[in-house]
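Q: Hey, can you walk me through this fold? I'd like to go through it piece by piece.

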Amino acid sequence: MSIRRISAVIPATLEMPNQVVPSSERQQLVLTELRKADREMSGQDLHAMLRQSSQPLGLATVYRHLRQLQQRGSIRCRHLPSGEALFAPTERDEHHLTCVDCGATVSIENCPMHDVHLGGDQTAGFQLLFHTLEFFGLCGSCQQRQARLDLAKAVVH
Ligand SMILES: [Zn+2]
Ligand SMILES: [Zn+2]
């Protein structure tokens with residue numbers, strides 16, 4: 001009976017099991033790499049970085065750990081207009097301004113939400129973990145390019 005119970009808790013996975021290092025340690029490794037990095041990282045970035053370490057992880061494994069870390073509130077995810085997902089530890093209170101045309105991103109110096117707190121009656125019993133905040137706009141060069149395009153259209157008509 002105990003054998004059946006144990007087999008029931010082993011998660012189904014499409015990958016070949018790599019049991020050299022326990023899963024929890026590999027997840028910690030992903031989180032440690034993200035905390036060491038001075039910028040947001042994609043799954044591909046992390047995969048490439050970990051390939052050079054003593055504990056290389058498959059790309060699907062990296063993404064699975066990223067998803068689990070998100071579910072625990074340890075990391076957050078931001079999507080660029082290109083669809084690329086970037087990850088950062090939630091304790092890092094950093095936000096960005098992104099160009100909707102070319103996808104250029106700059107980080108905002110100070111978080112305007114830093115001192116904003118939800119009252120106890122607004123949290124519906126949730127344990128608050130982090131917030132996200134994003135600004136979008138048109139960068140200088142995209143404004144110029146779009147203005148030139150508009151001008152060209154006006155000449156044609
Ligand atoms: Zn732009
Ligand atoms: Zn913030």
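This is a predicted model: local features need pLDDT of at least 70, side-chain atom pairs count only at pLDDT 80 or more; totals for chains, interfaces and linings use all residues.

Q: OK, and how do β1 and β2 pair, parallel or antiparallel?

A: Antiparallel: β1 covers residues 75-79, β2 covers residues 85-89, and five bridges link them.

Q: What do they form together, and how many residues sit between them?

A: They make a hairpin, with five residues between the two strands. In the turn, glycine 83 has a positive phi of about 95 degrees.

Q: Switching topic: what's the strand order in the open sheet of three strands?

A: The order is β4-β3-β5, and the pairing is mixed. β4 (105-108) and β5 (134-137) are the edge strands, so each one pairs on one side only.

Q: And how much are neighbouring strands of that sheet turned against each other?

A: On average by 25 degrees, ignoring direction.

Q: How many bridges join β3 to β5?

A: Four, and these two strands run parallel, with β3 spanning residues 95-99. For threonine 98, the bridge partner in β5 is phenylalanine 136.

Q: Now the helices. At what angle do α2 and α3 cross?

A: Roughly 105 degrees, and the axes of α2 (residues 23-36) and α3 (residues 43-51) come within 11 Å. That makes the two helices roughly perpendicular.

Q: Which residues meet there?

A: From α2 it's Leu29, Val30 and Glu33, and from α3 it's Leu46, Met49 and Leu50. Five of the contact residues are nonpolar, none is polar and one is charged.

Conventions: Residues are numbered from 1 along each chain as its sequence is written. Chains are lettered from A and ligands numbered from 1 in the order in which they are written. Axes are lines fitted to C-alpha atoms, for helices over the stretch in contact, and angles run from 0 to 180 degrees between N-to-C directions. Angles under 35 degrees count as roughly parallel, over 145 as roughly antiparallel, 65 to 115 as roughly perpendicular and the rest as oblique. Two residues are in contact if their C-beta atoms, placed from the backbone, lie within 7 Å. Ala, Val, Leu, Ile, Met, Phe, Trp, Tyr, Cys and Pro count as nonpolar, Asp, Glu, Lys and Arg as charged, and the others, Gly among them, as polar.
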